[in-house]
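The tour goes from one selection to the next and says what is found at each.

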Amino acid sequence: MAPKSIGRDTYMIETMGTLMTSPSVNAASSFCGKQGKNLQLLTTNSSGLGPGARSSVTFMCLSDDDPRYKAAVMRRDNGVTTIENR
């Protein structure tokens, strides 16, 4: 499960067979860590049930001094988990 580059410092990774986003988040964190950077989670998405279930995360790999690297505040909106950067 290799991340796909979808923009500058921005990647997407998808896991199949689980509704849990933790395998995708763990893979993203490991990917960024190997670059000496920090994971900045942008979005999470889960759909389906059983073997056909899918989970994906969109994220950035950012250095400590990158102004885009901020503490994420998770909040729930209408059944969708989003991240609000403050």
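What follows is a walk through a predicted model, from the whole chain to single residues.

**Whole chain**

Start with everything shown as a cartoon. The secondary structure comes to one helix and six strands, and along the sequence these follow the pattern β-β-α-β-β-β-β. Colour by relative accessibility next: buried residues make up 28% of the 86 residues. If contacts are displayed, take those with a sequence separation of 6 or more; 54% of them join residues 24 or more positions apart.

**The sheet**

Select β1, β2, β3 and β4 together. In what order do the four strands lie in the open sheet? The order is β1-β2-β4-β3, and the pairing is antiparallel. β1 and β3 are the edge strands, each pairing on one side only. From one strand to the next, the twist averages 25°. Keep the helix in view as well: α1 packs on this sheet and touches β2, β3 and β4. The direction of α1 makes about 25° with that of β4.

**The first hairpin**

Strand β1 covers residues 4-7 and strand β2 covers residues 10-16; three bridges pair them in the antiparallel sense. G7 is opposite T10 of β2. The two strands form a hairpin, with two residues between them.

Zoom in on D9, in the loop between β1 and β2.

**From β2 to β4**

Two opposite pairs can be picked out here. T10, already seen across from G7, also stands opposite M60 in β4. Y11 stands opposite F59 in β4.

While side chains are displayed on these strands, a general point applies: in a regular strand, side chains alternate between the two faces of the sheet.

**F59**

Select F59, which lies in β4. Is F59 buried or exposed? F59 counts as buried because its relative accessibility is 0%, and the cut-off for buried is under 20%. F59 and L42 are 17 residues apart in sequence, yet their C-alpha atoms are 4.9 Å apart in space.

**Helix α1**

Select residues 22-34. This is helix α1, with 13 residues; from its first C-alpha to its last it reaches 18 Å, close to the 18 Å expected at 1.5 Å a residue. Show the side chains of S24, A27, A28 and C32, which are buried. Turn the view to look down the axis of α1: the buried residues fall within an arc of 130°, so they line one face of the helix. Among the elements covering these buried residues are β2, β3 (38-47) and β4. On the face turned away from the buried side, look for N26 and K34, both exposed.

G36 takes a positive phi of about 75°.

**S24**

Go back into α1 and centre on S24. S24 has a relative accessible area of 0% and is therefore buried. What does the side chain of S24 make a polar contact with? The partner is the side chain of S55, at 3.5 Å. Leaving aside residues up to four places away in sequence, S24 touches I13, E14, T15, S55, S56 and V57.

**A71**

The last stop is A71, found in the loop between β4 and β5 (72-77). Is A71 buried or exposed? A71 counts as exposed, because its relative accessibility is 62% and the cut-off for exposed is over 50%. To finish, draw a distance from the C-alpha of A71 to that of L41. These two residues are 30 residues apart along the chain, and their C-alpha atoms are separated by 9.8 Å.

Terms used
Residues are numbered from 1 along each chain as its sequence is written. This is a predicted model: local features need pLDDT of at least 70, side-chain atom pairs count only at pLDDT 80 or more; totals for chains, interfaces and linings use all residues. Side-chain values use heavy atoms; hydrogens and water are left out. Two strands pair if DSSP finds at least two bridges between them. Buried means under 20% relative accessible area, exposed over 50%, partly exposed in between (1.4 Å probe, protein chains only). The expected span of a helix is 1.5 Å times one less than its number of residues. The arc is that of the directions from the helix axis to the C-beta atoms. Contact means heavy atoms within 4.5 Å. A polar contact is a pair of N or O atoms within 3.5 Å; within protein, one must be able to donate a hydrogen and the other to accept it, and residues adjacent in sequence count only if both atoms are side-chain atoms. Axes are lines fitted to C-alpha atoms, for helices over the stretch in contact, and angles run from 0 to 180 degrees between N-to-C directions.
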